Amino acid sequence: MASCRLPLVFVSVYLLIILVYGDETVGIRSAETSDNNSQEEKELIEALQDVLEKLKSKRILPLDKKLGWVPSCDAGEQCAVRKGARIGKLCNCPRGTTCNFYILKCL
């Protein structure tokens, strides 16, 4: 019986020591890391502000956007791509020709 209790006592004392001294080291580390974290946060905020300023200057005007714009292609050139059951248009065929979706070329 005494041999079973002895390791249990040692383990409980060891855990008690870790709990007592562990709190002090965590408190010291948190004070040190809070200074480092605040400095790192300031640097990150400055970097983000620089990026935002650069993005503001690179705004695209609505007139410069060409939504739905497809380049033109020559007759006989591949004008579409088949992906499974769907067909995607690569370019607009010139006047007088149309995109044949069976052979995927301007005819």
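I take helices (H or I, at least four residues) and strands (E, at least two) as DSSP runs, numbered from the N terminus.

**Entry 1. Model and confidence**

I am working with a predicted model, in which local features need pLDDT of at least 70, side-chain atom pairs count only at pLDDT 80 or more, and totals for chains, interfaces and linings use all residues. I number residues from 1 along each chain as its sequence is written, and side-chain values use heavy atoms, with hydrogens and water left out.

I looked up pLDDT, the predictor's confidence in each residue, from 0 to 100. The protein has a mean pLDDT of 77, and 65% of its residues reach 70 or more. Confidence is lowest in H1, with a mean of 72, and highest in S4, at 92.

**Entry 2. Disulfides**

I counted as a disulfide a pair of cysteine sulfur atoms within 2.5 Å. How many disulfides does this rule give? The count is 3. With bonded cysteines counted along the chain, I read the pattern as 1-3, 2-5, 4-6.

For burial I used relative accessible area with a 1.4 Å probe and protein chains only: buried is under 20%, exposed is over 50%, and partly exposed is in between.

I took Cys 73 and Cys 91 as the opening case; their disulfide has an S to S distance of 2.3 Å. This link is right-handed, with 80 degrees about the S-S bond. It connects distant parts of the chain, 18 residues apart: Cys 73 is in the loop between helix H1 (2–57) and strand S1 (80–83), and Cys 91 is in the loop between strand S2 (86–89) and strand S3 (99–100). Both Cys 73 and Cys 91 are buried.

I then turned to Cys 79 and Cys 99, which are joined at an S to S distance of 1.9 Å. With 85 degrees about the S-S bond, the link of Cys 79 and Cys 99 is right-handed. Cys 79 sits in the loop between H1 and S1 and Cys 99 in strand S3, so this pair ties together parts 20 residues apart in sequence. Cys 79 counts as buried because its relative accessibility is 0%, and Cys 99 counts as buried because its value is 13%.

I also examined Cys 93 and Cys 106, whose sulfur atoms are 2.1 Å apart in a disulfide. Cys 93 lies in the loop between S2 and S3 and Cys 106 in strand S4 (residues 105–106), so the pair ties together parts 13 residues apart in sequence. Cys 106 is buried, since its relative accessible area is 2%.

**Entry 3. Core**

I defined a nonpolar core as a set of buried Ala, Val, Leu, Ile, Met, Phe, Trp, Tyr and Cys residues joined through side-chain atoms within 4.5 Å. The largest one has 8 residues in all: Cys 73, Cys 79, Ala 80, Cys 91, Cys 93, Cys 99, Leu 104 and Cys 106. In soluble globular proteins, nonpolar side chains tend to be buried together.

Leu 104 is in the loop between S3 and S4, and it is buried because its relative accessible area is 13%. Although not a glycine, Leu 104 has a positive phi of about 60 degrees. Most residues other than glycine have a negative phi.

**Entry 4. Hairpin**

I treated two strands as paired if DSSP finds at least two bridges between them. S1 and S2 pair in the antiparallel sense over 4 bridges. Val 81 has Gly 88 in S2 as its bridge partner. S1 and S2 form a hairpin with 2 residues between them, and Gly 84 in the turn has a positive phi of about 70 degrees.

**Entry 5. Gln 78**

I located Gln 78 in the loop between H1 and S1. Is Gln 78 buried or partly exposed? Gln 78 counts as partly exposed because its relative accessibility is 43%.

I took contact to mean heavy atoms within 4.5 Å. Leaving out residues up to four places away in sequence, Gln 78 touches Leu 90, Cys 91, Leu 104 and Lys 105. Gln 78 and Cys 93 are 15 residues apart in sequence, and their C-alpha atoms are 9.3 Å apart in space.
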